[in-house]
Amino acid sequence: MAFSEFELKLIDKVIGGLCRQKTPDALRDRLRYEYHIRDNEVFIIEVRPHWKDPQKQTETGVARFSYHPDKQLWSLSWQRINMQWVPYESHYEDRVLDTLVKEVFEDAFGVFFG
């Protein structure tokens, strides 16, 4: 299922807004946050130059928002160091995307932004 035009605008406003807010202007060339959409999932990734070759970039998963159309729910996961996605236990599912984005922004347990 592809997201509707309305949903894409909401995703850009809410998740894109978080990425823009968390990306420091002064460090934009060395650290930035972006989001990517794949099927029913939206990923926030951290982008920075590779430590060995600054001409290359590395991407690290920060958060994954999965939409479940059958339940009309969003779920939130974070990525472990072993690259496995783990449900965010504090607030795993919600009907409102903004609520889960707020959890990521506040990062109470330091799993998203350290």
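Tutor: Lys-71 has a relative accessibility of 40% and therefore counts as partly exposed, the class between buried (under 20% relative accessible area) and exposed (over 50%), taken with a 1.4 Å probe on protein chains only. This is a predicted model, in which local features need pLDDT of at least 70 and side-chain atom pairs count only at pLDDT 80 or more, while totals for chains, interfaces and linings use all residues. Residues are numbered from 1 along each chain as its sequence is written, and side-chain values use heavy atoms, with hydrogens and water left out.

Lys-71 sits in the loop between β3 and β4, where helices (H or I, at least four residues) and strands (E, at least two) are DSSP runs numbered from the N terminus. Leaving aside residues up to four places away in sequence, Lys-71 touches Glu-93 and Arg-95, a contact being heavy atoms within 4.5 Å. With Glu-93 there is a side-chain to side-chain polar contact of 3.4 Å; the term covers a pair of N or O atoms within 3.5 Å, of which, within protein, one must be able to donate a hydrogen and the other to accept it, and residues adjacent in sequence count only if both atoms are side-chain atoms. Arg-95 lies 24 residues from Lys-71 along the chain, and their C-alpha atoms are 8.8 Å apart.

Ser-75 is buried, because its relative accessible area is 2%.

Phe-65 in turn opens the way to the largest nonpolar core, a set of 24 residues in which Ile-15, Ile-44, Phe-65 and Trp-74 touch the most other members. Such a core consists of buried Ala, Val, Leu, Ile, Met, Phe, Trp, Tyr and Cys residues joined through side-chain atoms within 4.5 Å. At least two of its residues come from each of α1 (5-22), β2 (41-49), β3 (57-68), β4 (73-79) and α2 (97-106), and α1 gives the largest share, five residues. Ile-44 touches Phe-65 directly, and its contacts beyond four places in sequence also include Ile-15, Leu-18 and Val-104.
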